[in-house]
Amino acid sequence: MSVAGSSDVNDELAKTQWDVVVTGLGPVGTTLCSLLGKYGLRILGVDREKSIYTLPRAGHVDHTVLRTFEEIGCLDELLAEMIPNRGMELLNGNHDVLARIPTIRRTPSNLPPSMHLHQPVLERLLRENAERIEGVTLRNSMRLVSFEPTGGLQRVALEHEGRTFSVTTRFLVGCDGASSVTRNVAGLGFRDYGFAESWVVIDLILKEIPESLRRDTTFVADPKRPYAMIEMPGMRYRFEFMVLPGESVASVVKESTVLRLISKWLHPHQVQKVERAIVYTFRGAQAEHWRRGSVAIAGDAAHLTPPFLGQGLCSGVRDAANLAWKIAFVLSGRLPESILDTYGIERGPHVDNVITTSIEIARNLCMLDETAAQERDRQMLQSGLPEEKRIRFKLGELRTGPLIMPSGGMYAARPVSASKKTDSSLDRKFVILARSETALSSKASINWWRALGSEIQILDALDEAAAELDAWLQRLRGNVAVIRPDKYVLGCEKELDDITRYVQSNLN
Ligand SMILES: Cc1cc2nc3c(=O)[nH]c(=O)nc-3n(C[C@H](O)[C@H](O)[C@H](O)COP(=O)(O)OP(=O)(O)OC[C@H]3O[C@@H](n4cnc5c(N)ncnc54)[C@H](O)[C@@H]3O)c2cc1C
């Protein structure tokens with residue numbers, strides 16, 4: 001019996017011509033591997049670390065992310081490990097409510113609006129899921145060193161156990177986090193939003209959850225020391241405290257300091273374990289370019305968001321959903337390479353909305369000057385606006401562009417039968433929803449969409465969910481909508497011809 005050494009294994013990787021190499025197997029890279037693998041592509045995902053990152057960071061995901069997890073096939077497993085988010089409140093030092101972001105009751109995807117999670121569990125389940133998908137190969141302890149174009153492909157240099165070897169791929173995506181090598185080698189730039197504040201993040205495992213702990217997500221803008229309290233699944237609870245000027249990182253992560261900081265709510269005997277206390281500097285940044293040729297970036301490699309809206313990872317998963325179908329349609333020759341230009345055009349402004357709103361919350365929260373904080377309280381409390389309207393956050397729509405009509409850009413209602421929980425036959429396709437046969441207009445239009453592998457659904461031929469979708473189309477003032485594979489509405493018009501003409505003119 002011969003046992004393959006690491007160089008034999010690497011020879012195998014080097015011999016294969018990959019469709020896509022994904023560098024970085026955090027939650028975004030792993031999700032992207034799964035999405036691409038489901039298109040039947042040959043995917044190599046590599047991560048420089050020996051195993052998944054075991055310390056918690058993200059604590060929250062929204063329904064758009066859950067819909068992507070459903071598509072890659074692990075939603076039920078993940079939901080079983082999550083708890084619902086009960087909404088967010090921003091309080092001042094006297095605990096007056098300055099602003100509230102309630103959880104929305106109903107989502108277009110009919111999935112829970114907002115859930116709390118433990119990131120290491122999420123990463124483990126995402127990894128196990130990706131490994132089950134045929135065509136997806138994942139490797140740890142393999143670091144991206146550099147890459148260069150060669151004969152229409154990318155030659156990617158990887159380092160494994162001290163040796164460097166190369167693989168070739170048709171497309172490379174860097175999901176390699178905030179200090180992305182991919183972003184730097186491709187020269188994609190990183191624009192800083194000029195916000196940076198350090199906070200100590202404390203994750204606790206408790207023996208009991210006492211009444212003194214708030215169950216909703218609470219930010220307290222106390223100028224003496226701003227802090228946050230977040231309920232996590234199981235017996236976990238998170239506190240975040242701003243690091244004050246002059247305090248050292250070493251002093252705030254000491255167990256004695258941690259226990260002092262949380263002593264208002266918890267006695268040491270209620271704490272089973274301080275899982276970790278770590279200082280993060282929260283920043284806002286976005287890549288200047290999201291793609292160059294056959295190299296793109298996604299997730300923290302493309303943007304950083306202060307975590308006060310719990311949206312960094314969510315944006316990264318939306319990047320993966322936006323990019324995966326475009327790569328798959330281009331590599332299969334169904335759509336021209338120019339559609340890849342829409343990746344940054346669409347994702348950039350969407351992410352910008354999330355970053356700027358997070359920074360607005362952060363600036364309100366991180367005020368240490370007593371007078372400025374009193375003025376903030378006065379303005380917010382006397383604004384005459386209800387608490388829900390004092391900070392507005394709505395996940396933006398995609399802006400009009402080559403693949404988004406002025407009548408589109410919103411997240412689509414779920415075109416499935418109400419009796420079935422999901423309909424995976426609609427994934428990875430354009431779905432054309434028409435209120436009647438006449439809205440489909442010309443045969444040429446229908447054939448064009450069919451050649452792309454699209455699914456056409458006439459609502460009056462569907463079951464009980466049809467009425468709901470019909471009402472949704474009426475609200476959009478259209479007879480027919482085209483929903484893209486990433487679940488955004490491309491356009492909603494009177495006739496399919498209108499949508500076909502728009503797309504075709506932008507593709508030529
Ligand atoms: C305290 C805190 C709280 C947060 N809360 C939330 C929240 O509630 N909700 C939310 O949506 N987001 C939240 N975020 C943000 C979220 O954690 C990140 O946006 C998310 O982890 C980014 O995922 P990623 O896969 O893009 O990058 P990462 O998770 O950073 O993964 C990058 C991967 O790339 C690998 N890598 C790096 N360089 C190389 C290389 N050269 N070669 C190969 N591999 C490489 C790394 O080992 C790593 O595994 C929070 C962040 C923090 C710090």
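These notes go from the whole chain to the sheets and then to the helices.

**Ground rules.** I am reading a predicted model: local features need pLDDT of at least 70, side-chain atom pairs count only at pLDDT 80 or more, and totals for chains, interfaces and linings use all residues. Numbering starts from 1 along each chain as its sequence is written.

**Whole chain.** The C-alpha trace spans about 70 × 65 × 40 Å along its principal axes. I find 44% of the 508 residues buried, meaning 20 or more other C-beta atoms within 10 Å of a residue's own, with C-beta atoms placed from the backbone.

I then looked up contacts (C-beta atoms, placed from the backbone, within 7 Å). Of those between residues at least 6 apart in sequence, 72% join residues at least 24 apart.

**Secondary structure.** I list 15 helices and 23 strands. These are DSSP runs numbered from the N terminus: helices are H or I with at least four residues, strands are E with at least two.

**Eight-stranded sheet.** I traced an open, mixed sheet in the order β6-β5-β13-β14-β15-β12-β16-β19. Two strands pair if DSSP finds at least two bridges between them. β16 (residues 271-287) and β19 run antiparallel, joined by two bridges. One partner pair is Gln286 with His303 in β19.

**Four-stranded sheet.** I found a second open sheet, β21-β20-β22-β23, also with mixed pairing. β21 (455-458) and β23 (489-493) are the edge strands. β20 (residues 431-434) runs parallel to β21 through four bridges. Ile432 has Ile456 in β21 as its bridge partner. Helix α15 (residues 496-507) lies across β20, β22 (480-483) and β23, at about 135 degrees to β23.

**Helix pair.** How do α9 and α10 pack, and at what angle? I read about 170 degrees for α9 (residues 312-331) and α10 (residues 341-365), with axes 11 Å apart. That makes α9 roughly antiparallel to α10, a label for angles over 145 degrees. Axes are lines fitted to C-alpha atoms, for helices over the stretch in contact; angles run from 0 to 180 degrees between N-to-C directions. The residues that meet include Asp319 and Lys326 in α9, and Glu346 and Arg347 in α10. α10 also lies across β5, β12, β13, β16 and β19, at about 120 degrees to β16.

Technical notes:
Parallel < 35°, antiparallel > 145°, perpendicular 65-115°, else oblique. Contact = placed C-beta atoms within 7 Å. Buried ≥ 20, exposed ≤ 12 C-beta atoms within 10 Å, placed from the backbone.
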